[in-house]
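I open this notebook to record what I looked up in the structure.

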Amino acid sequence: MEQGVFITFEGPEGAGKTTILNKLSDVLKQQGYNVLQTREPGGISISEQIREVLLNKDNTAMDERTEALLYAAARRQHLVEKVLPALEKGYMVLCDRFIDSSLAYQGYARGLGVDEVYQINRFAIGETMPNLTLYFDLDPEVGLARIQSNGEREINRLDLEKLSFHEKVREGYLMLVDRFPERIKLVDASAGVEEVLADALMIIEDYVRK
């Protein structure tokens with residue numbers, strides 16, 4: 001059986017990546033792909049429990065290194081319990097966030113150091129990196145405004161950060177796009193949903209046709 005394809009979805013708060021991921025999953029299934037849709041932190045019981053700690057609005061006293069380590073721990077369990085078994089079975093795994101989130105949020109925006117956070121995560125994931133990453137780029141002010149206007153979306157701890165933090169997150173992501181151009185592809189998330197969906201689908205189809 002062929003090895004599967006690991007595709008991750010990244011972006012700042014309010015970029016709409018989860019909405020696009022949900023739609024893409026349906027489209028790709030209709031095209032005949034065996035698709036597994038999942039998310040970080042979470043995806044399995046242990047990692048979902050860690051997610052509750054990480055995103056709880058009451059946990060504002062959390063230390064930056066604690067945050068980075070918890071994300072890495074959730075990532076490890078999710079990887080070995082869900083992602084790797086699916087890839088071994090030939091699935092196309094669509095994951096809402098992965099290592100690049102830690103590099104942009106904790107490494108760059110929190111100031112822990114991108115290379116330092118990368119080493120923490122290399123311990124967690126070993127040699128497993130995404131085959132393809134879609135980065136949904138959006139001005140942080142627009143993203144936060146989307147969150148405020150979306151009554152169905154739960155406000156989490158990261159949403160409460162100042163605008164300057166979210167601007168640093170975007171800077172971190174754009175730095176990663178420059179550093180890993182073969183893997184990370186930028187999608188303009190300021191466009192309408194259908195246009196963003198079409199752009200994202202084209203990137204995935206181009207990759208799998210190679």
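Entry 1, charges over rings. I looked up Arg 75 and found it over the face of Phe 98, at 5.5 Å from the ring centre. The criterion I used is NZ of Lys or CZ of Arg within 6 Å of the ring centre and within 35 degrees of the ring normal. I also noted Arg 183, whose charged end sits over the ring of Phe 180, 5.1 Å from its centre.

The model is predicted; local features need pLDDT of at least 70, side-chain atom pairs count only at pLDDT 80 or more, and totals for chains, interfaces and linings use all residues. Residues are numbered from 1 along each chain as its sequence is written, and side-chain values use heavy atoms, with hydrogens and water left out.

I recorded 5 aromatic pairs in the structure. Rings of Phe, Tyr and Trp (its six-membered ring) pair if their centres lie within 6.5 Å; planes under 30 degrees apart count as stacked, over 60 as edge-to-face and the rest as tilted. Phe 9 and Phe 136 are stacked, at 6.0 Å centre to centre with 10° between the planes. Phe 9 belongs to strand β1 (residues 5-10) and Phe 136 to strand β4 (residues 132-137), 127 residues apart. I took helices (H or I, at least four residues) and strands (E, at least two) as DSSP runs, numbered from the N terminus. Phe 9 counts as buried because its relative accessibility is 0%; buried means under 20% relative accessible area, exposed over 50%, partly exposed in between (1.4 Å probe, protein chains only).

I then looked up Tyr 105 and Tyr 173: the centres are 6.2 Å apart and the planes at 85°, so the pair is edge-to-face. Tyr 105 lies in helix α4 (residues 99-109) and Tyr 173 in helix α7 (residues 163-179), 68 residues apart. Tyr 105, Tyr 135, Phe 165 and Tyr 173 form one aromatic cluster.

The largest nonpolar core has 33 residues, of which Phe 6, Val 93, Tyr 105 and Tyr 173 touch the most other members. Such a core is a set of buried Ala, Val, Leu, Ile, Met, Phe, Trp, Tyr and Cys residues joined through side-chain atoms within 4.5 Å. Elements giving two or more residues to this core include α2 (45-55), α3 (64-88) and β3 (92-96). Helix α3 gives the most, with 7 residues.
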